[in-house]
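Here is a colleague's note on the structure shown below, written for a reader who is new to such models. Please keep the structure open while reading the numbered points.

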Amino acid sequence: MAGRNRAVAALTVTVLLVAGCGSGGTGRSGSQPDAARPTGPAAKAGGTLHVLAATTFEHLDPARNYVTDSEDVSRLIYRTLTTYAAAPGSAGGKIVPDLATDLGTPTDDAKTWTFHLKDGVEYEDGTPITAADVKYGVERSFADILPEGAPYARMWLVGGDKYQGPYKDKNGLASIEVPDTKTIVFHLNRPVADFGSTVSLPVFSPVPQAKDTGVDYDQHPVSSGPYKIDSYDPKAKLVLIRNTSWSATTDQVRKALPDRIEFELGLDTAVVDQRMIAAAGPDADAVALEPIGAASVAKVQNDPALKKRLVVSDSTSSRFLSLNTTHKPLNDVRVRQAVAFALDKDALRLTRGGPIAGDLATGLIPPSVAGHVPDDPYATPGGQGDPAKAKQLLTEAGFPGGIDLTLDLPGTATGKAQGEAIQESLGKAGIRVKLNEVPSSSYWSTEETVAQEHDMVIDGWTPDWTGPSTLLPIILDGRLITAQGNNNRAMYSSPEVDKRFDEIAAMGDVAAADQAYGELSKQIMADAPIVPFLWDKAAVLVGPHVAGAYGHVAYVGRLDLVSLGLS
């Protein structure tokens, strides 16, 4: 990789500690108190920013993009009707207009939403972006060959339960109207007061029908943002260059400072850490996409120069084990509770670097999300597990000799370490665990396919916007289980809980609804369909020439790529 030499003092990055939340404001990750902005030299236009990644991107196609790291990247390439503000702290959790002129106009008791596109928005080839393109982009998400995206269009648009997408139904979805080239109207089957936040998801970005290549669109989504794809090898490298048809006058979010952004993909976590610590040559102009690995935490924290280049942020993300409640013997609640008592959460946190990686999770709703209630029904000393209690529950369930389970885990260094920690802690209780490694490039698409999921899944979730309404129902409503694109990896289906989800959704008082979700979370925890183990933080290293770095609450505390530049 080529890069410029810069005789500039190293950037000093303030450690960002984002904590707390409330139900006020709009934003997929909640409302947090303001954090200090990074200090150091200002970012300038120009140069090549390098991004070192241990992962690869499962999907860049907006119809299939529903993972935080690729959503962060996609904001460089395409725009949505609304999006997150580019800022640290609570300001970053705020939803702002993007392609749309405002956050939408609700009518019919918030069952009809109207948006108007800004003037002067264009694709990479200079073609104007139209409301029909946004409609088509949403309709693509209904196609059975593109199942992985956010579920809200399918859930909430009138007729969405029967529509099969534009490849099978050329007439389109009647509940999305485009009265003119700049106006789009959505007709919903229920009131959704925060639909202006919903349309910040990639599914609600424009796709020109003439350029749609079906499943191959993943390789080169047409740019509506400040960068377009120059080259892309999904297993190795993504290169972005300027989209000269993008206009900063229509975009108050993206700074578009570097001339070029190069992502190196699929690197070993240790290699990323070594390169970021050394910051030699082009790596001085680099950032890590993911948090530092556990093996590097002590070195970075104990070196003042490295610590200045570390950006740390809380998030609203939770990590948990999903237990497939349809598989024997996990269909017995006592067996699931045995897993919950046996799990050594502290050992799992150590695989991610210890306390810097987050707080031990005790319930379904993190403290940073509205509706959180103190709840720890499976408390163990130091969060390190209670094998004796787990064995007692297994015996009561008729398994005094223990049980055998298969765990799905991502085939990364951290994933393997987590799998081994789970294997060891559950093994002490007589729960014998077979590890099934799934390539990281296809991990979520595999686990979202019901037929390919095993007994347990290393899982996680970040709310799509403020509050628990985009947490509990999405991952635990039994009516949302689908053969593909399934987010309910626990396969949990409780008619009583599903009925309560409907009752809470109908509440007009947001605070009362948040409180109701909190109480419901305790009921669900008693069923133990999932075992929470970590409420995330992210600690990310940046190169000494990088400016404008801060952790963004919407992207699991990782860097907000749209604000980065070189000093």
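This is a predicted model: local features need pLDDT of at least 70, side-chain atom pairs count only at pLDDT 80 or more; totals for chains, interfaces and linings use all residues.

1. Residues are numbered from 1 along each chain as its sequence is written, and side-chain values use heavy atoms, with hydrogens and water left out.

2. The largest nonpolar core holds 95 residues, and those with the most contacts inside it are Phe 186, Phe 195, Leu 321, Val 339, Ile 431 and Met 456. Here a nonpolar core is a set of buried Ala, Val, Leu, Ile, Met, Phe, Trp, Tyr and Cys residues joined through side-chain atoms within 4.5 Å, and buried means under 20% relative accessible area, exposed over 50%, and partly exposed in between, with a 1.4 Å probe and protein chains only. Apart from this core lies another one, of 53 residues, among them Ala 53, Trp 246, Ala 539 and Leu 541. In soluble globular proteins, nonpolar side chains tend to be buried together.

3. Leaving out residues up to four places away in sequence, Phe 195 touches Trp 113, Phe 115, Trp 156, Phe 186, Leu 188 and Phe 204, where contact means heavy atoms within 4.5 Å.

4. Helix 9 (residues 333–342) is mostly covered, with eight of its ten residues buried; including Val 335, Arg 336 and Gln 337, the buried residues also take in Val 339 and Phe 341. Helices (H or I, at least four residues) and strands (E, at least two) are DSSP runs, numbered from the N terminus.

5. Which residues make the contact between helix 15 and helix 16? On the side of helix 15 they are Glu 496, Val 497, Arg 500, Phe 501 and Ile 504, and on the side of helix 16 they are Ala 513, Ala 516, Tyr 517, Leu 520, Gln 523 and Ile 524.

6. Asp 346 is found in helix 10 (residues 345–351), and it counts as buried because its relative accessibility is 17%. Leaving aside neighbours within four places in sequence, Asp 346 is in contact with Leu 360, Gly 382, Gly 383 and Gln 384.

7. Ile 176 lies in strand 6 (residues 176–180), and at 3% relative accessibility it counts as buried. The C-alpha atoms of Ile 176 and Val 134, which are 42 residues apart along the chain, are separated by 9.6 Å.
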